[in-house]
Amino acid sequence: QVQLVESGGGLVQPGGSLRLSCVVSGSMSSFYNMGWYRQAPGKERELVALITSGGNTNYEDSVKGRFAISRDDAKRTVYLQMSSLKPEDTAVYYCNGDVRIRPGPTRNYWGQGTQVTVSS
């Protein structure tokens, strides 16, 4: 079974930084478009950042210039470097992506989420 496993969340003060990691585990041959989403209490889940298999990136407006998504295909890992964090960044962050299982088709998977809390 393929799983997306996030780590790196925690409590940080405003202005601080965190790096989230998402490891694609299981029997897979490739992973394609990968993204980080977040969901704050009482709000809908929203796309924060996206990276294609070719390395093109896209960001939600409020995080542009502060967050950076990257990937290391050899390590099966996608990262989200978050800087200049604000209280409004507080949310559960989820990894999502299209993974080709081995053997089999490409399917979309979600991770279990990791809590990020920005507070003094």
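**Chat about a disulfide and a sheet**

Visitor: Cys22 and Cys95, buried or exposed?
Guide: Cys22 is buried, and Cys95 is too; buried means under 20% relative accessible area, with exposed over 50% and partly exposed in between (1.4 Å probe, protein chains only).

Visitor: What kind of model is this?
Guide: It's a predicted model, where local features need pLDDT of at least 70 and side-chain atom pairs count only at pLDDT 80 or more, while totals for chains, interfaces and linings use all residues. Residues are numbered from 1 along each chain as its sequence is written, and side-chain values use heavy atoms, leaving out hydrogens and water.

Visitor: OK, how many disulfides does the structure hold?
Guide: One, counting a pair of cysteine sulfur atoms within 2.5 Å. Cys22 is joined to Cys95, S to S 2.1 Å.

Visitor: Where do Cys22 and Cys95 sit in the chain?
Guide: In distant parts, 73 residues apart: Cys22 is in strand E3 (residues 18-25), Cys95 in strand E9 (residues 91-101). Strands here are DSSP runs of at least two residues, numbered from the N terminus.

Visitor: And the link, left-handed or right-handed?
Guide: Left-handed, with -80° about the S-S bond.

Visitor: Switching topic: which order do the strands of the open sheet take?
Guide: E1-E3-E8-E7, four strands with antiparallel pairing; two strands pair if DSSP finds at least two bridges between them. The edges are E1 (3-7) and E7 (67-72), each pairing on one side only.

Visitor: How many bridges join E1 to E3?
Guide: Five, and the two run antiparallel.

Visitor: What stands opposite Val5?
Guide: Val23, in E3.
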